Structure formats: structure tokens, C-alpha cells
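Hi,

Here is the structure I promised to pass on.

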Amino acid sequence: MTFSGEFLAFMGLALVAIIGGVLLLNLTRVVHMVVALIFTFVAIAGIYVLLSAEFVAAVQILIYSGAITIIMLFGIMLTRHNDESESKAGKWRKFLLFLGILGFAIAVYLGIYNFNIDQVPTTLHENNTMQIGQALYSKHIIPFELVSVLLLVALVGSIVLAKKEDKEADKE
Amino acid sequence: MNLHAILSILVFSPLLGIAVLALMPKDQEKSIKLVGFLATLPALLISLAAYAHYLAGKHLSDFSVSVEWIHFRGMNVEAPYFAVNYELALSGFQLLLVVLTAVVATLASIAARYVKKEWKGFFMLFLLLEVGMLGVFTAENLILFFIFFEVTLIPTFFLIGKWGYFEREKAAYSFLIYNGLGSAVLLIVIMILFAKTGTTNINILKDILADPSAPVSGDLKLGLLIALLVAFGVKLPIFPLHSWMLRVHVQAPVPTVMIHSGILLKIGAYGLIRFGMGLFPEQFDTLSTLIAVLGVINLLYGAFLAFIQTDFKMVLAYSSISHMGIVLIGLAAMNEAGVQGAIFQVISHGLISALLFFIVGVLYERTDTSLIGNLGGMAKGMPVAAGFLLAGAMASLGLPGMSGFVSEFMAFLGLFKEMPWLAAVGTIGIIMTAAYLLRAVLGMTFGKSHREFTGVVDLKGVEFVPVVVLMLLIVLIGVYPSVLSSPLQATLETIMPGLGG
Amino acid sequence: MSFETLSQFNWSVMTPEFIILGVAALLTIMDLFMPKGQDRRILGWIGIAAIAAAMVSVASLAGGAVVSILDDTFRLDSFAIAFKLLLLGGAGLVMFLAVSYEAKDGMEEYRGEFYYLFLTALLGAMFMASSGDLITLFIGLELLSVSSYILAGIRKHNLKSNESAMKYVINGGISTAITLFGMSYVYGLTGSTNLLAIAQSLSGLTDGQHVYLLGLSFLMIFVGLAFKLAAAPFHMWAPDVYQGAPTPVTAFLSVVSKTAGFVIVIRILLTVFGAATTKGPGSMPILLDMQDYIAFIAGATMIIGNVVALKQSNIKRMFAYSSIAHAGYILVALTSLSSNMFYSIWFYLLAYLFMNLGAFAVIQIVTEKNGSAKIADFAGLYRRSPGLAVVMGILLISLAGFPGTAGFIGKLNIFIGAFAGTPHYVLASIMIATTVVSYFYYFGVMTQIFFRPAANEDRFKIPASILVVLIVAVVGSVLFGVMPNIALDFMNNNLDILADFFS
Amino acid sequence: MSSVPASAFLALALILFCIGLYGALTKRNTVIVLISIELMLNAVNINLVTFSKYGMAPSITGQIFALFAISVAAAEAAVGLAILIALYRTKKTVNIDEMDTMKN
Amino acid sequence: MENAWLIPLFPLISFLILLLFGKRLKEASAYVGILLTLASLIYSILVLFERFSEPTYVTKFDWLTIGDFHLTAGFEVNQLNALMLFIVSLVSFLVHTYSKGYMHGDERFHVFYAYLGLFTFAMLGLVISPNLLQTYIFWELVGVGSFLLIGFYFYKEEAKAAAKKAFIMTRIGDVGLFIGMALLFWQTKSFEYSDIFAAVDAGQVSGTMITLTAILIFIGAVGKSGQFPLHTWLPDAMEGPTPVSALIHAATMVAAGVYLVASLFPLFSASHTALMTVAVIGGFTAIFAASIGLVQTDIKRVLAYSTVSQLGYMMLALGSAGYVAGVFHLMTHAFFKALLFLAAGSVIHAVHTQDIEEMGGLWKKLKLTGPLFLIGTLAISGVPLLSGFFSKDEILAAAWEGGHPVLFVLALVAAFFTAFYMFRLFFMVFTGEARGNQKHVHESPSVMTFPMIILGVLAVVAGYVNTPWFGTFLGDWLVDGNEALAAHGHHEGPVWIMILATVVSLLGIYLAWLIYGKRSVSRNWLSGSGDMLHTVLLNKYYVDEFYQLTIVAITKGISYFLRFIDTFLVEGIVKGITGFVQGLGATGSKMQSGQVQTYGAVAFIGLALLAVIYALTGGYLR
């Protein structure tokens, strides 16, 4: 392992991503948590770039750091909750969960820590977007169309559920 | 005449009654009861006709029927299908049980005159139960047997739970869970056999299992037999699987308990003989000592506990346990005398317990009690009922000239050949049987009467029918046992070679 | 890819999906343009007609060769046809329930959505049955899930409905993440999302490290998908969600969604892990190696489902546990991995479809009448409506697995598989013992119906659509219990799943 | 070739997955729970994208898969939030531990 | 003789007729019973006479088939059977007749006759059975007849208890018989007497097995014949109507035990131990019961203990290889004991009490009963020239010849006791002052006295069929044509035995006269000599109490112990299992807290658990 620029970039991004995640767990104010997570999302986008997935990185920034975070913030604002968020969950549950996650992580880590495959040069970074587009519109046309239905459903569903009824509005 | 359809007609004839009942308005008590009674008659007549057919020297195999039914997907190319056919047949043994079932069912339908509510539902379930029982005894393959076996379960659950006495629901649950477990174990056995051999036809299975190259090892067979012993042990019942049966016998309504103790318990014995002994003769031999010990324990356990009961129904319930011990004793002997004795006991106890439970039902109807202490001196007010009760008790305690003796005698005779010491211990049971039955029956009929029996009516009218018919049958078997033994010879001959005896 | 390439495929095999998709879109538009006050039941009936048409078209496809479109992203094989029939049948009956479901608690405005969301959910389920590509399977799964989340929460002024949906989303999200995490490793080890290609490249797997990772991903995928089956350990959402969701949705979740879950589990596990070897070509597949884990999950599921159901006082919760238990039974068939596994699972799901949907139909009637879903509300049903009581009795008996009903034959099928070959005595014993435990709660309902006095003597009005469900359910339960060969022969003669599942 | 081994990316994904999971199962605010789930899905995406470059047979499919996962995650987040808002209207809370009206 | 099966059939018909129509016939039932038993009697006399000239007749048919074994039923007329047929039908006929007077006015008159018919049927069936199984069948049936008749006054608690006791105690004996029979069957493959004897003769059965089976069969006889230790039911059985006591508990059924041993004599004689057992039990019972009889005050109980004692005598005879002696005494005893009971019944009928302390001075008032009772008393006491003298002498001779001096002495002492207590009874009842209320005392109607007279005559003359002086006709006839029995035929004892016996009985009579007749010796002479002994005797050696404390208590103890097991262990385990399942359900239910994060946590922890297990056990990691 050499200390190349790529490595440094990875270390930095990974650090940011993890710190963002840890902050998510440890901050007390909800808005702060979301903001912390934006760092993570952006860092992940950076990771994608490192992995020759520029288009995915762009989508990541648009969707996650942009759309999702924003609607989450909207959600937080709309629900006017008290800002403090402190879980009352039982200590035992947390402890067991922690153990479980630790166990799971170790088990998985044992599977991946020396995951090395003779790497072949890829051409993913060349015309990345075009490659994706071609694949999407040829091989993956069916799931692609299906996702459109899914998004339609999500759209309709969100409207149905979140819409303020006239009656209700009157009441308030 | 094509006789192959007869058995199906026999088994499903009560369905006709169900259909008629379904169309009747539910408040017509009299006509519902009449229809319920009439609906049991076809089965009775056909079964008697079948018996006559046998007496006329014709073959019972005339009645066999086999129709393709279910094809389960097989496991490999050689056995593409796991076929289950719709197969009914009669052997001598089965014939007797079918006749017994038809008789007791008809008489129980007379006893159903004491049902106080929802007659329509009662009779529909009752007739469904009869279908199940008739099917159990005619089924020629294990799956079909199991199906009918379970068909008896549900109507009985309702008959107990809805029309029983005070703790009926608990009794119904006890019944359901114990028998459910028993049938679950049975199902495991059946399915293992089915999966291993690809057939459930009893006769084919017998041949396959007798073949040493069968895909069923000796250990597995032993395991299966033990499982069968548990499965039918619940039904029989064998100590310590009996406690459900006590509750049922105390809480179930009269007709149900007549059917239950008269026939349903016998399914356990039938299963043990037909499948336990029929399919696994060698293993049965290995276990014979265990079975004999269980039989003796049952016999004595039931007898000693019956000795201190205060409720006559409990006495009869424990007495059933005790008498089923005799069945086990006979089976464990593994010789003709023993097995024949066991079969006799099955039939004899069916008749006797039906009789006794009917009389108890009559008494309860009149006096609202079945406690021995409350009934003391009842012979004063109801001499005829008391007389029949005493006669029934005598039959039950194995008085010669009545059916109980013949069976007890043969069962013990058989065991005395194989395990004399165990048999000798078992004979204590004969003494105890006399002791507890006399204690209970004399306690009820003899002695000073504790209450006025002035308003109480003795047996009358149609009530005589069950009592007299059952009594006559009991005496007939006791005096002329060949009515049973001659149809049985063929059955015994098919079982015995497997026993190597 | 040009139009020519696309048009070379036989798109007609997707007719059922097109019908559902088209009608879903049609309903959306109709809903949009219909006057506000107008009764939208008509949309439901259209939906039912669409499902019927789709069923006919699926049935007409039976018996043909395997058709694969676009690298298996759509795949029509016997397996797909068989299970699509179940999904469509289940969804059709659920639609009948939905049509008569009384809209309240904020869903009055959204009856139209209520109907077509069922259709989109069904569409997702159908793709789960009919694809050989991880991405498509995943999207189908999510389409089903997201539609279900909305359906569960559609009574938006009802706290229970909201809660139910919320719990469903959270657990569903976690399960999705876990499943995907597992899938990502599968992809990583093969570089493909096409199941057959994956199987191909894994069939020579020798590297222990990779096998290990694949085993882990097996566990992740299986546990993640266990969420859809409501199998242990991912079962706990079911009681809460079932209780809170509108009854037709509960029925949908317990039947269609569960069936779809089994479909995807079988598809992925058998194709991928059935082919992946442990020690090089010809060695034992990972799936067989992991059999014990499936068995463990199956056993735990049966025990938890049946035992906890004993303590329920709410009928819908009780049925949630019951459905957990039934998932366990079907997992026994999966564990056995015998060659009749497809048939036993299919038949069991068929039987389960009839008996469970029928039961939910009764539950819908009773709970809507009483306004609550306590088991005690069934007291005296026999007096109030003998017909309904008898129907419920038959269905409960079928659920309990008594002979004469389809439930029994289903169990027999599973047992044959469990005992043939390497016998699974322990698992079969657990299955049968827990079945006996289940008698307690099924007959507990019967006790209420038949033995207990009624609180009031109000009669029930049974809407025509529910009547249809009841009749179909009872007829199906009894018919397939007495003449199971109608279904088994259909399977044997027209759909040779074994032959074309892996090709 | 590359100086950063594939396992490093995978480990990062694993860590983020675990963080997300822990957050999803312990955080009290439902919005955060939903976001945590998004984080888990993000971790999956890292895996997918990593494998699309460093996998057994590198291909663009991994990125496609990641894109689909992102869109699904977005849909799920939207629906989840909508449900939360509906719930908030009836219960006036977003605390997940207060959603316990249904239990045995 | 080929129609001898008709003999038991007549009473059966009587039973059936009375069962069905008795209620309508009322007291006319008596005629049905009397006529049909008369038919039996006549026919048995015919058979008896026919048997003098013709050989044994056996016929049988298959009754029950067990595999290769064909169990048969049928009948046999040999000497012993023919004699028993006569005795039974005669006594039965007389009792039927007597009862018409005795039971007059009872509302269950017809039931009584029905029961009598049933009993007579069973008893006659018993004596013509050609095989052990059939014997056993009728053996049990007579038990039922006895049971029903003892419990005839069912509303009396004592009758109920006595009936129950009789049935259960004889059943204990019956089980012995049953076991013996079953064992014997597997040894000889047959129940037929002839086959059994042939097998025993041929040495097919081992010595121990013969001894074992013989003793087991003897246990049956012990139960039925009221031998020690199963004797206690017989005195209690006196709760039944007196004619019943005469028929069943004196003349016929209780003698069935003796009959059984007699008819299986070849088996017994093959084992010295078995014979010895019979003799010892018999001898002991004879003196044991006689000693109790010394102090009883109930007229029927005295007679009952006397019966037990006399049956012991018969057993002693058989056990001493005195086959003829036993059968002979069986016959004479049947006559004089039936006479005594009927006479006692007549007395009771007259004074309406059974307590001899309340009687006395009845000689003048009961002009016919008194002398008849005296004849019976003289006969049983062994006063010369009466039947009892000859049969008792035969027994003493057999005991002496058999080489059992101890048993011989026992028999003598018992004879002394018998003479003493029988005359004590006679003097207390018929002589001295009237002690109770005797205003309405009257002689019984002729329907009752007529049977007594016939029995009186027989009690006198019956002994002459077998005397040392006029020939041993009976003895010769009984063993005729049977080599096995011939060795155990008539015993010609020394003359001193006869004299000694006479002296002993006269001594007993004299002592009784001194105390109860002349009253020159205080009545408390005996009791004075030891209160304890008197109390012990009065309480019948506390045997009943002993049984109560041991057997009954143990049975109850076992029962309660088993009930404990039933309620706590059997039910407890079930409760435990259901409790466990329910508890599991409750726990699972509690986990379902409504906390969605818990649900997720459980799912994930489950996954983690599986993953860790997999990592540890999977075996794929290098």
C-alpha cells in the first residue's frame, strides 16, 4: 500500500463519511444530525468519484445531499417537534444491539478484509454517463420502467398521505 | 349385484341424514330427533347385511373398493407419483367393529333424546362423527384412515364442548389437544412410511415391511412402533396419557360418551392391532414385555383409582382405563388367545360401557346427580334401572355368561402362556374390578335410600331399547362367543404368521 | 439498442403485466377525472376485471417453453406462471374485500388510490415472480413494498393505521437495506445481476474466503427477505402492522405479499445458492450447507408464531401470528429441498390463500360490524349468523390442518418432502407439535363462535363481494382438500417447474 | 494498480452500514431513523460501486444497480416521510418510542 | 342321560319366566319355580338311577375357537355328577317349596324365586360340567346367585355389605382358580378333565406345576367353601333369607369347593404337598370355625360357623386322601345342615328374632320343628345311627389311615366342639324358660314343614348308603371304574375310632346339657376361665378387623397414593408442559412491546447471531 494521492483522498473522504455518521449518532439536535449526515453523503459522492462512477456521484449529490436531506429538513420543520432527541430505549436493547452489530461487523469483516481479486483495468471512467445510459435503456429497460411506476406510486402515496385535508385545515 | 359400492354407501349414509337435517327448521325437536335416529339406520342395516353376507359363507373381499384418488408428486423418476387411493374393505375384525359402531351409534341416537338444545346441530355433528367412525374401521390405507380418524375429532370436540355438562369446554379442549397430539404422532408415522415406501395401503405396506430389503431399518421400525404406541396410547388410553379421557367421560353428554367410550376409544386398540401388530410384528414382539407391563399398570391403576371415586362417571372412566389394560395384556401375549381376547375385549367393552353410560345418563336425567353417595338405595325407586345397572356391572367385572368374561379370560389365558408372573400380578385387577364395581354399584342401588325416589320414574318406553339390545348382545357374546370368533379367524390368521407363532 | 432489437422479443408473454400496468394507469387517470362525490367502487370492479383478465392470460401461457426477455430481466417459466396465478388469485379476492371495505378515517377521498395501489403492488409481486435478474427482482420487491406501505397507512386519520404504516416502513427499510447489502456481495463475487449468469460463475467456486462471504450474503438475503415472509427473526412487525392496517390490506399482506416473498426467496436462493459450490465443481452447494440455518429459522418461526398466538385477544393479531406460523410450515418445505418442494410450497400457498382470505373476509364483516377486532367479538356468531359461523369454522379447521380441507393436503405434501431422502425428523416434529398448539387458538375462536352466548342478536349483512370471497374460499378449501388432484394434476401436467427453473 | 485496496472500500461501507443500522434502531426521532436507513442504503451503494470497479468481473451493472437503489431509497424516504407527517397529524409526535398503541 | 342337560335348563326357564313375567305372576311365581325344580329333581333321580347301570356319559361341542384350540362346552354324567345333581335338585326343590311359606308376603317374592331359579340353574350347570372352563363359568354364576340372594334385602346396609363381601372374597379365591386353570391349560393344552388327568398320568406336567396348579385351584375352593382364611364372608352371608342360607350357604354352593377338589382329585392326588395343604387348611378351619361357633348367639351364625367347620372336615377328608369320605360327608351334611337351617328358619319365622338369648322353651310351642331340629343336631354331632355318625367316622378313619395323627386329633376336638355348640344351641332355643316375647309363636305352615320332614328322614337314613356294617355301597359306586380314585375309596378304620368318636360327641352333648340344659355349671364357666379368650372368640379371632386393617387399608392406601400420582404427577406434568408453552407465549407476547426499534433489533440480532455462528462453525475461513 502506497501513500498515493488516491489513498489520501480515500482516507480523507472515508474519515469525513465516518465522522458524519458518528456525529449523527452523537449529536443531540436533530437539525445538526441531518447536517452532519450531509457531510457523509457528500463524502460518499467523493468515494464514488474515486471508484470511477462520476454519474453515480452526481446523482448521489443531487438526490441525497440535495433532495432527500431537504425533504427531511422539511419534515423536521413541518413536524415542529421538540428539538431534543434522546432515546429512552432500554439500555439492554442498546447493549445487545451493539453486541449484535459488533458481531455482525466482525463476521462480515472477516469475509472482506482481504478481499482481493486480481484487478483488471476497467473502462468505467470513460464515458461513464453514456455507458450507464446505454445499459439503462437496453438491458435494464424493464426495471427502469418499473422504477417509474414505483416513483409514481411514491408520488401519489406521499401526496395522499401528507396532504392536508380541507376539513382538517378548517379545523385548525 | 355390484357390492363394491356398498361400503362407500355404508360409510357415507349418515351424510344423507345431515343433508335432510340441513333443510329442516331448527326448532322441530321431535322430527329432528326422529330424522337423526333414522339416519343411523341405513348404516346399521347395511352392516348387518354385510354380517349376514359373511354368515352366508361369502367372501368379505366382495366389498373391497379401490379408486384412484390423490397423486402426490413423487421424489424421483422411478417413483413419479405417491399415490393415495380411495380404498375401503372389510375383514372379519373390521366387520365386527363396523357392526358395533352402527349398533352403538343407533342406540346413542336414541339416547340423544336427552339433548336439550340445538338438536339440529347436535345430530348433524353426531352423524358426521358416525361417518368418521365407520370410515376409520373400513379404511384400507393409512392416509384414509387418518382422515377419518381426524374427522371423528372435530364433531366430538363440538359435541362435548357445546352439549356437555359444566366443565364441558375444558373437557373438549383436553380431548382436542391430547388427541391432536396423538394424531400428530400418528401422522408422522404415516408420513415416514409413505415417504419411505411410496404407499400407504396397509396390505402392501405389510408386504414391503416384511421384506428385509425394505428401505425401512429395524431401528426405524422400532421407533415407528413406539410412536404408534404413543399415538394410539392417547386414544386407548394408556397410562399416563389418560387424564383427558376422564374429563371427557364425566363432561360429555350421554350419546357422545356412549359413542366415545363405546367406539372412539376402540380406535386406539384397532390401530394398535391393525398397524402396530400388523405392520411391525417383530418389533411388537420386542416390545411385548413393555406392552404387557403397561397393560398391567393400566389395569391396576384404573382399578385402584376407580375404587375411591365418588362420582360414578369417574368410576366408569377409570374402569375404562382398567379394561383397556386388558386389551394391552392380550396384545402383549402375541398368541391367538391373547389377541383374540384383546379383540373381544374391544367389542365387549364397547357394548358394556355404552350400556353403563346410558344408564348413568338416565339416572342423571332423573336425579341430576351421578354421585354414588347421592344415589344410594336407588333400587327402591327404580328397580329395573338398578337391575340393569347391576347386570351391566356384572358384565363389566367379567361375569361368565357375559361378554366381559370371554375377553378377559382369553386375554389372561394368552398372557399366562408367555409371562405368567406378570399375568398373575394382573389378576389382582380382576379382584379389584369386582371390588370397585360392587362398591360403586351397590353404593348406588343398595342400602338405605338417602332421598325420596317417589317422583322418579323407572326406565320406560324407548329407553328400554338401548338397554335391552345392548344387554342381549352382551349375553349373546358371553354365551355364544363364536359370533365373534368365527369372523375373526381369518383376521387372526393374517396377523399371526407375521408373529411367527 | 435499436427498436429492432427490442421488437425481436416476444413481448406478448408480458401481457398479464401489461394488463395490470395499463389498468393501474387507467384507474389513476379515471380517478383523477371522476367527480369528487362519485362512488369509486366501479374502479375496484374494473381492477377485479383486470386481474381476471390477467389470470386468463397467464393461464393461457401455461405449458409453453421458457421465454426470456432482455437477458432474463423478464422471464416466463413454469415457476413464474404457477406463482403468478396464485398472486393474481389472491389479489383478486383481496380486491373483492377491498370493494366492500368501508372507507373511513381519512381514506374516504382516496378510494381510487386504494384500488390502484393494490394493482401496483400486485404488479411488483408479479415481477418478483417473473424475473431472473437481481435488479428487476429488487425493483419488483420495492414496488410491492412501497405500495403496501401506503396501503397500510391509507386510513390516515386513524392512529393505528399510521402507526402500522410507520412500523412497516421502518422495518421494511431496514430489511431492504440488509437484503441489498447481501445482494451487493453476490454481485461483487460474480459481477453480474443475472441469476443464471451468477449461478454459472459460482458453480466452480473454490476459494473458501469467497464461499464464506457468499454464505454471509446468503444469511443477509434470507433474513432480509424473511421480512416479507414474516418469518423469524424478522416477524415482529407483522402483528402490529396487521392490526393497524385496513383489513383488505392485512389480507393482502398475509397472502399476496407473503406469496411474493416466497417466490423471490425460492428464486434467489435456489438459483444462486443452489448453484454456488463450496469446494469446487461438483461439491456440495452452499444451499445444502446452509440447510440447517433455514431449518433453524423455520423451526423458530413455527414455534414463535404458534406459541405467541395463544396469548392474543385481537383477532387480527392472532391471524398475524398464525400467518407467521404458516410461513414456518412452508419454510419446512423449503428446508427439505426435495424435488417436490415447488409443488408442496405452491399447493400450500394455494390452500393458504383460500383459507386465510376467507377468514379475513369473515373478520372484515365482524370487525366492521362491531367496530373492534377482539376475538371476544366473535362470541355467539353461530347464533347471529349460522352460515358465517360455519364458514369460519371450516376455514379455521383448514388452517388447523384437519383432513377434508386443503390445509391438510398441503401439510401432507410438506411432510412427504420432509421425510423423503434425508429425513428431517426434528423439524417435522416441531411442525406437527406446533400444529397441535395451534389447535388451541383456532379452536379458541371456534369456542367463541359456537359455545359462547352472543352479546347482541344483530344479524350480519354480507355484501355480495364478500359473499363471493367466502364462497370461493370455502369451495377452494374443501375442494382441494377432497380432490387435491385438480390442482396437483394441473401442476404436473402443465407446469414442469423442475425442468425449466434452472435453464 | 490502484493504491487503495477494494477491501478498504468494503470496510468503509460496512462501517457506514453499521452506523446507519445503529442509528435506525436507537434514535428516537423518526426522521433520523429514516435518514439512518438512507445511510444504510448508501453503504450498500458504496459496495455496489466498489464491486463495479474492483469486483470479480467489473462491469457497469454495479453502478446501474446503485442508481436503482438510490431511486428506490428516494421513493422510500418520501413515502416514509409522508407517513410520518400523517402520523404527526394524529399523534402530534415524531418520537418513535411513543408509537406503541398496538401491543399485546 | 343324554338329556341330562335339561336338568339345569328347567330352573333357567323358571328364572327367565319370572324375570319377564314375575311382576304379573306375583306369588304364583312360586308354582313356576317349584314345578320346574321338581322337573329337575325327577329327572336327576332318573339320571341317578340310570347311572347305576350305565357308564359315564360325556358329550360336548365347540364353544369357542382360539386358533388351533377348540374350547368345548358340554356335560358329563359320572357318579359324582349324578349324585350332586340329585342332592342339588333335591335341596333346591325343597327350599323352593319351603320358601313359599317363608317368603309369603314379601313384595319382591317373584324376584326371590327368579334368583333361586338362576342359582339352581348355575349350581346344576356346575355339577355337570365336563371341563374346568365350564366349571369356572358356572362357578362364577353360582357366586352371582349367592350374591343376589344375600343382598336380597338390599335396603339393609348389612345385607349390602354382606353381599359385597361374599362376592369379593369368593372372587379372590376364584382368581386363584383362574390362574391355576390357565397354567394348567398351557401345560395340558386342554380344559377337559379327562385330558388333564391323562396328561398328569402320563407325566407331561412337572411335579411343581402340579402342586402349584392344584394349590391355586384349591384357593378357589377355599374361597367358595369358606375355608380359612377366606371364611369370613360365609357367616355374614346369613343376612340373606334363611331358605337361601339352607340352599346356598349350607347344602350346595359352599360344598362346590369340596366338589371341585373331589372332581379334580386325580390332580390333587398326584401331589403330596397339595393334598397336605388341603388337609391342613381343612383341619384347621374345622376346629377354628368350631371354636368360634362356641360363643355365637345368633342362631344362623352358629349354624354358619358350623357349616364352615363341617366344610373344613370335608376338606380334611379329601386332603387325607379320603375321597369317598369327603363326598359322603358332603352328602349327609347337605341333608342335615339344610334341615337345620330350614328348622332355624322355622324358628325365626315363629319368633321373629335370630338371637338365641331371646328364645328358649320353644320345644312345646314348635311341636314339629323342635324334634326335626333335634334330629339335625344329633346328626351333625355324630351321634350313632344317624347319617352324620357314619360320614364323620369315615373321615376320622381316613385321617387316621392317611397317617395324619395331628389332623386326626384336630378332627376329634372339632367333633367335640361341634357336639357342644350344637347342643348349646338346641338347649338355648328349645329348653328352659322363654326369654323373649313369644306371644304369637306358632308352628310354620305345612308348606314349610313338609320339606323339613323329608330332610329329617334323609338326615337319619342317608348314612346307611355307606356303613361299615351294611356295606359301603356309595364308596364302591363312586370309585367304580376309576382306578385313580379306587386307591382313595372307602377307609375301613379300626373300631376304636368309631367308639372314640361316639364318646367324644356324647361328651360334648353332656357338657352342653350340664351348662345350658341342667344349668348345673355356670354359663360363664368358659368365659370365666379367660375373658380374653371369650372376647377373642366372640370377635371371631378379629379376622375381619385384621383384614380391615391390612388388606382393605392397603388397598385404600394404594388408591389414595395413585390418586396423588394422578392429580399431581400425571396432571402436573401436563400442567407443566402447557404452563411452559403458555409462559413461552406470554414472554413472546411481552417482547411485542409496540417498539418498532425492538422489532428491528430482534431481527438484526437474529441475523448477527446466525452470522456469528456461521463464522465460527462454517469452516470456510482460512
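**What turned up**

Let's start at one residue: leaving out residues up to four places away in sequence, E:Tyr259 touches E:Met84 and E:Val127. Being in contact here means that the C-beta atoms of two residues, placed from the backbone, lie within 7 Å. E:Tyr259 and E:Met84 are 175 residues apart in sequence, yet 8.5 Å apart in space, C-alpha to C-alpha. E:Tyr259 sits in helix H11 (residues 253-263) of chain E; helices (H or I, at least four residues) and strands (E, at least two) are DSSP runs, numbered from the N terminus. Is E:Tyr259 buried or exposed? Buried, because 29 other C-beta atoms lie within 10 Å. The cut-offs are 20 or more such atoms within 10 Å for buried, 12 or fewer for exposed, and partly exposed in between, again with C-beta atoms placed from the backbone.

Before going on, a word on conventions: this is a predicted model, so local features need pLDDT of at least 70 and side-chain atom pairs count only at pLDDT 80 or more, while totals for chains, interfaces and linings use all residues. Residues are numbered from 1 along each chain as its sequence is written, and chains are lettered from A and ligands numbered from 1 in the order in which they are written.

Chain C itself has 22 helices and two strands. Its C-alpha atoms fill a box of roughly 70 × 55 × 40 Å along the principal axes. Of the 503 residues of chain C, 71% count as buried. Among contacts in chain C between residues at least 6 apart in sequence, 80% join residues at least 24 apart.

Chain A is split into domain 1 (1-82) and domain 2 (126-164), with bounds from an automatic or database domain assignment. The C-alpha centres of these two domains of chain A lie 23 Å apart. Where chain A meets chain E, 10 residues of chain A are in contact with 11 residues of chain E.

Cheers
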